[in-house]
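Here is a walk through one protein model, written for someone meeting it for the very first time. Have a look at the picture, then read on.

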Amino acid sequence: MKQISPQHLVVTLLIFVVSGALAVYVFWPIPTPARFRQQARDDFETRRWVQAEANLDQLASSGSLTPDDWMLRGLVAAARTLDDTALDYLAHVPDNHPMAPTARLKAGQIELRRDRVRTAESYFLKALALDPGLIQPHRELIYVYGMQLRRFEIDAHFRALSRLTPLTYQDAFLWGLTRTTDWQIEEIIATLRRFVAADPNDRASRLALAENLVRLGNVDEFNRVVAPLPADDPNVLALRVELALNKGNLTTAETFLKQGPTDDPGLARYRGDLALRQRDWSSAARNFRIALNANPDDRKALFGLGSALRGQGKPDEGEPVLNRARDLERLETLLKQASTSRAHTDPKLPIAIGAAYETLGRHPQAVTWYQLALKHDPFQPEAQRALHRLASQGPTHNAP
C-alpha cells in the first residue's frame with residue numbers, strides 16, 4: 001500500500017475545506033438585506049408574525065430600512081397587537097411615499113381599536129388628504145361620526161363615498177338615519193362609554209354619550225358625564241333643557257335657557273318651543289329661524305316655524321314650511337320601514353324612498369336609492385326615468 005505524504009494530506013484537506021465552504025455558500029447563502037426582506041414578506045403573507053419580526057429586526061440591524069420596510073414592520077407589530085410599536089413604525093413612512101395613505105389608515109384603525117377616536121379621526125382625515133380616492137377611511141369616519149351623532153360629517157362622507165363606489169342597501173339606510181331615531185341605543189351608549197374612558201378629553205364622544213343618556217332618562221350618569229364640561233357650554237345647556245322639559249319642569253328649562261347665548265341654534269329651538277306654548281308667535285318664529293339656519297331640515301323646527309307663521313296670520317308663508325316638515329316625516333316613516341328584516345327584498349320601497357329624497361332636493365341619496373331599485377330590476381322604468389331626470393338637473397344642495 002502506497003504511503004501518503006504529509007504534504008499530500010494537507011493539500012487534500014484544504015481541498016475538502018474549500019469545497020465545503022463553497023457548498024455552504026451555494027446551498028446556504030449568506031444572509032443579505034434583500035434575503036431578510038423577502039423572508040419577512042413571505043412570513044407576513046403566511047401569518048408567521050414572530051418570524052417576520054425576527055427577519056425585520058435583522059434587516060433593521062443592517063441599517064437599510066426603506067419606507068416599505070417600515071410599513072411592513074408596522075403591519076407585523078399591529079398583527080401582534082403591539083400598538084405603540086406599530087404606530088412608531090408606521091410614522092416612519094413619509095407623507096410623500098406611495099404607502100403613506102395606507103400607513104395613516106392603519107394607524108387610525110389601531111387607535112380606533114383602542115377607542116381613541118380623536119386620534120383615529122385625525123389619521124383617517126390625513127389618509128384622505130393624501131389620497132382622496134381611498135374608500136375605507138370614509139367608512140371608518142362614518143362609524144366614528146355615527147357614534148358621535150355628527151350628522152353633517154356623516155352626510156359629507158357618505159356623499160364622497162357614493163362618488164367612489166356603489167353603495168349597498170345597508171349603506172343607504174345608515175345614510176338616512178336621523179338623530180331622533182333610537183337605533184340600538186344601549187349598544188351605542190356602551191361604545192361611547194369606552195371612548196370617553198379611553199380619552200376623557202374627547203368632547204364629541206362625551207356629548208354624544210350625554211345626549212343618549214338624556215334619551216334614556218338616566219339623569220345620574222348624565223350629570224357625571226357632563227361634569228367635566230363647562231357649565232355654560234351651549235350643548236350641555238340644551239341637554240339640561242331637554243331633561244327639564246321631559247319632566248315637565250318649564251321653570252327649570254327657562255332658567256337654563258337664560259344662561260346660554262341667544263344665537264345658539266340648539267337653544268333657539270327650545271326657546272321657540274316655549275314661545276309657541278306662550279303664543280308668542282314673533283319670538284317663536286325668530287328662534288326657529290335661528291335653528292333652521294344651522295340645520296335647514298330640522299323637522300321639529302320646521303313644524304314650529306310653520307305653526308308660528310300661522311299664528312302670525314301668515315298662512316301663505318307657513319304652509320310651504322309645514323309641507324317640507326311633512327315631507328321629512330314621510331321620509332322618516334319610509335326609512336323605518338326599510339329597517340325591517342325583509343325590506344331589502346321589496347322592489348317598490350327603494351323607489352318610494354328615492355322619490356321622497358328627490359322631493360326634498362337630496363339628489364345624491366335619491367340617486368342611491370333609485371340605483372338600488374335597479375338591482376331588483378335593471379329595466380325598472382320609473383327608476384330609469386328618475387335617474388335620467390336627476391342626471392339632467394345636475395348637482396343640487398343636499399342637506400343631511
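Where does Asp-115 have its place? Asp-115 sits in the loop between α6 (100–113) and α7 (117–130). With a relative accessible area of 13%, Asp-115 is buried, since buried means under 20%.

Let's step back for a moment. This is a predicted model, and the mean pLDDT of the protein is 90, with 89% of its residues reaching 70 or more. One stretch to treat with care is residues 20–28, where the pLDDT is below 50. Beyond near neighbours in sequence, residues 20–28 have three contacts in the model. Where pLDDT is low, the predicted coordinates should not be read in detail.

As for the overall make-up, the protein has 22 helices and zero strands. Of its 400 residues, 43% are buried. Take the contacts between residues at least 6 apart in sequence: 50% of them join residues at least 24 apart.

**Two more spots to look at**

Arg-279 also lies in a loop, this one between α16 (265–277) and α17 (281–294). Phi of Arg-279 is near 60 degrees, a positive value in a residue other than glycine. Buried or exposed, which is Arg-279? Arg-279 is exposed, with a relative accessible area of 58%.

Ala-79, on the other hand, belongs to helix α4 (residues 67–79). Its relative accessibility is 31%, so Ala-79 counts as partly exposed. From C-alpha to C-alpha, Ala-79 and Arg-48 are 10.0 Å apart in space, and 31 residues separate the two in sequence.

Now find helix α20 (residues 349–359). Eight of its 11 residues are buried, so α20 is largely enclosed by the rest of the structure. Those buried residues are Leu-349, Pro-350, Ile-351, Ile-353, Gly-354, Ala-356, Tyr-357 and Glu-358. What covers the buried residues of α20? The cover includes α10, α19 (315–338), α21 and α22 (381–393). Just after α20 comes Gly-361, which takes a positive phi of about 80 degrees.

**How some helices pack**

Two packed helices are described by the angle between their axes and the distance between the axes.

| Helix pair | Angle between axes | Distance between axes |
|---|---|---|
| α20 and α21 | roughly 165 degrees | within 8 Å |
| α10 and α21 | roughly 150 degrees | within 10 Å |
| α8 and α9 | about 160 degrees | 9 Å |

Start with α20 and α21, whose axes cross at roughly 165 degrees. That makes α20 roughly antiparallel to α21, and α20 passes α21 in a left-handed crossing. On the α20 side, the contact involves Pro-350, Ile-351, Ile-353, Gly-354, Ala-355, Tyr-357 and Glu-358. Across from them in α21 are His-363, Gln-365, Ala-366, Trp-369, Tyr-370, Leu-372, Ala-373 and His-376. Sorted by class, the contact of α20 with α21 has 10 nonpolar, four polar and one charged residues.

Helix α21 (residues 363–376) also meets helix α10 (residues 169–176). How do α10 and α21 run, roughly parallel or roughly antiparallel to each other? They cross at roughly 150 degrees, and α10 and α21 are therefore roughly antiparallel. The crossing of α10 past α21 is left-handed. Tyr-169, Ala-172, Phe-173 and Trp-175 in α10 touch Pro-364, Gln-365, Thr-368, Trp-369 and Leu-372 in α21. The residues of this contact divide into seven nonpolar, two polar and no charged.

The remaining pair is helix α8 (residues 136–147) and helix α9 (residues 151–164), which pack at an angle of about 160 degrees. That makes α8 roughly antiparallel to α9, and the crossing of α8 and α9 is left-handed. From α8, the contact is made by His-138, Arg-139, Leu-141, Ile-142, Tyr-145 and Gly-146. From α9, the partners are Glu-153, Ile-154, His-157, Phe-158, Ala-160, Leu-161 and Leu-164. By class, the contact of α8 with α9 comes out at eight nonpolar, three polar and two charged residues.

How values were computed
Residues are numbered from 1 along each chain as its sequence is written. This is a predicted model: local features need pLDDT of at least 70, side-chain atom pairs count only at pLDDT 80 or more; totals for chains, interfaces and linings use all residues. Side-chain values use heavy atoms; hydrogens and water are left out. Axes are lines fitted to C-alpha atoms, for helices over the stretch in contact, and angles run from 0 to 180 degrees between N-to-C directions. Helices (H or I, at least four residues) and strands (E, at least two) are DSSP runs, numbered from the N terminus. Angles under 35 degrees count as roughly parallel, over 145 as roughly antiparallel, 65 to 115 as roughly perpendicular and the rest as oblique. A crossing is left-handed if the near helix is turned anticlockwise from the far one by less than a right angle, and right-handed if clockwise. Contact means heavy atoms within 4.5 Å. Ala, Val, Leu, Ile, Met, Phe, Trp, Tyr, Cys and Pro count as nonpolar, Asp, Glu, Lys and Arg as charged, and the others, Gly among them, as polar. pLDDT is the predictor's confidence in each residue, from 0 to 100. Buried means under 20% relative accessible area, exposed over 50%, partly exposed in between (1.4 Å probe, protein chains only).
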